[in-house]
Amino acid sequence: MITTKRNTILLTGATGYIGGRLLPCLVETGRPVRLLVRDPARLHLRERADVELVVGDLMNPDTLAPALKGVHTAYYLVHSMETGGDFEAADRRAAENFAAAARAAGVCRIIYLGGLGHDGEGLSTHLRSRQEVGEVLRRGGVPVVELRASIVIGAGSLSFEMIRALVERLPLMVTPRWVEVTTQPIAIGDLLLYLRQALDLPMEGSAVYEIGGAEQTSYGGLMREYARLRGLRRAMIPVPVLTPRLSSLWLALVTPVYAQIGRKLIASIRYATVVRDERASRFFAVSPRDVQSAITDALSEEDARFADNAWQEAHAAVVPRGWGGRRIGTRLLDAREARSPQPPAKAFAPIRRIGGRRGWLYVDWLWRARGLLDRLIGGPGMRRGRRDPEWPQVGDPIDCWRVEAMVPDRRLRLRAEMRLPGRMWLEFEVLPAGKGSRVRQIAVFDAHGLLGLLYWYLVWPFHQFVFAGLLRRLVLAAGEVPPLDETKAQGERV
């Protein structure tokens, strides 16, 4: 049911990167939040019970009135760069439709995120379109707060993922001149603060604010800083001959996931995108982070997100599962699921007892051989066994693994301590399913540079054999688990 009280916040672009990250921030304000989406299926895990959902299309003005009814502030976070054809015309028409519908509905404020750039130095078609959208919205008659930002640093943002892909895959990079063009990247957390504070910003009429991080750098500087923080040694050889068109073709070869909009993005970074108007510092209570902090925060947040939602992340990945599994950022994932006729407590029992004297249930000799190889190169191998044969605790060693998370009868996450060109986790989760259970198993590998990628793809055939067999054996073993003294079990759990 659509609310009509004029304190509702409307969010467009909730299926995008910025909109999806902003949604929880808006919900935390305690005000009613409504989403305007064209395809509700694209919300995936972001759909929430505490927000309204209205289906509409910015290209169809008749669908906008219900979404804008009772709205005080509307966030306009959509663009058409990922579509084919004339994206400038599409963006212009969408903005015109939205501005007219907002005025008719009595909306009090529109908050729009545009791009940094200055007319005197030339603008790419992308940046010119972003700024034109702001002008179109202002002409509609509703006061507009336009924030103009450059590169956004955050796990999942297009610019950051391109940087990550290039640095992780290429020890030696032949770089065009645009790689050293000055820019002023902003951390995703800081950008969200600006967007949130714009909700209550005192204003009369429309205003444009330029926002950025604490320092100016370049794509090359971002690559070097990312490599330093990841402990990667990278060489960059600048050449003057790579035009934006040739650069986009090169980008498509190295990072094909971003090929669709690579040329448009590269065309946007031929010119400096830095803050020249410092008025935002007087109106917003934001202390922007520097580049090192922004990248560090992005990597740390990604670690925390995977720790909490590894399975969901695996199945929400845009890239379909193929050779090498799914890939999200630097992480490569092998996710599997099987049904068990046993209840969760019994289905989980073989999982919590894994390793040590009981071994690894399937081709244990292969696990032992891998452990021997690890010892030969200075790792712990499989010699450490387990502290307790029944109930592992966080921090316990299990052979060459360390227990990182343990929820009795539900979840066990192990972090590899063997010598690897990267970081690896093996996680098990058991969920109730009717009279039985769903047993989930996911291997996550955070590849360290090109060597890490080569390692993962070389051992992928063995993983298919070992991990598939391990999951089958865990399901079968649940029916063979001897009864456990419940008095002892409760004591061990405490």
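In the contact between two helices of this predicted model, Lys346, Ala347, Pro350 and Ile351 of α12 meet Leu474, Ala477 and Ala478 of α14. Contact here means heavy atoms within 4.5 Å. The residues of this contact divide into 6 nonpolar, no polar and 1 charged. Ala, Val, Leu, Ile, Met, Phe, Trp, Tyr, Cys and Pro count as nonpolar, Asp, Glu, Lys and Arg as charged, and the others, Gly among them, as polar.

The model is predicted, with local features requiring pLDDT of at least 70 and side-chain atom pairs counting only at pLDDT 80 or more, while totals for chains, interfaces and linings use all residues. Residues are numbered from 1 along each chain as its sequence is written, and side-chain values use heavy atoms, with hydrogens and water left out.

**The chain as a whole**

The secondary structure of the protein chain comes to 15 helices and 20 strands. Helices (H or I, at least four residues) and strands (E, at least two) are DSSP runs, numbered from the N terminus. Of the 494 residues of the protein chain, 55% count as buried; buried means under 20% relative accessible area, exposed over 50%, and partly exposed in between, with a 1.4 Å probe and protein chains only. Among contacts between residues at least 6 apart in sequence, 72% join residues at least 24 apart.

**The antiparallel sheet and its helices**

An open sheet of 7 strands has the order β14-β15-β20-β19-β18-β17-β16, with antiparallel pairing. The edges are held by β14 (326-328) and β16 (397-398), each with a single partner strand, so one side of each is left without a neighbour in the sheet. Two strands pair if DSSP finds at least two bridges between them. Strand β16 is joined to β17 (residues 401-407) by 2 bridges, and these strands run antiparallel. Pro397 stands opposite Arg402 in β17.

Glu427 lies in strand β19 and is buried, with a relative accessible area of 6%. From Glu427 to Val444 the separation is 17 residues in sequence and 8.2 Å in space, C-alpha to C-alpha.

Helix α12 (residues 344-352) lies across β15 (331-340), β17, β18 (411-416), β19 (422-433) and β20 (436-447). The buried residues of α12 are Ala347, Phe348, Ala349, Pro350, Ile351 and Arg352, and what covers them includes β15, β17, β18, β19, β20 and α14. Helix α14 (residues 449-478) lies across β14, β15, β19 and β20.

The axes of α12 and α14 come within 8 Å and cross at roughly 125°. That makes α12 oblique to α14, as angles under 35 degrees count as roughly parallel, over 145 as roughly antiparallel, 65 to 115 as roughly perpendicular and the rest as oblique. The crossing of α12 past α14 is right-handed; a crossing is left-handed if the near helix is turned anticlockwise from the far one by less than a right angle, and right-handed if clockwise.

**The parallel sheet and its helices**

Another open sheet of 7 strands has the order β3-β2-β1-β4-β5-β6-β11, with parallel pairing. Here β3 (52-55) and β11 (207-210) stand at the edges, each with a single partner strand, so one side of each is left without a neighbour in the sheet. The twist averages 20° from one strand to the next.

Strand β5 (residues 109-115) pairs with β6 (residues 144-149) in the parallel sense over 6 bridges. Leu113 has Leu147 in β6 as its bridge partner, and Gly115 stands opposite Ala149 in β6. Strands β4 and β5 run parallel and are joined by 4 bridges, with Ile110 in β5 as the bridge partner of Ala74.

Of the 7 residues of β5, 7 are buried, so β5 is largely enclosed by the rest of the structure. In a regular strand the side chains alternate between the two faces of the sheet. Arg109, Ile111, Leu113 and Gly115 point one way from β5, and Ile110, Tyr112 and Gly114 point the other way.

Helix α3 (residues 87-105) lies across β1 (8-12), β4 (71-76) and β5. Helix α4 (residues 125-139) lies across β4, β5, β6 and β11.

**Helix directions against strands**

Axes are lines fitted to C-alpha atoms, for helices over the stretch in contact, and angles run from 0 to 180 degrees between N-to-C directions.

| Helix | Strand | Angle |
|---|---|---|
| α12 | β19 | about 160° |
| α14 | β15 | about 10° |
| α3 | β4 | about 175° |
| α4 | β5 | about 165° |
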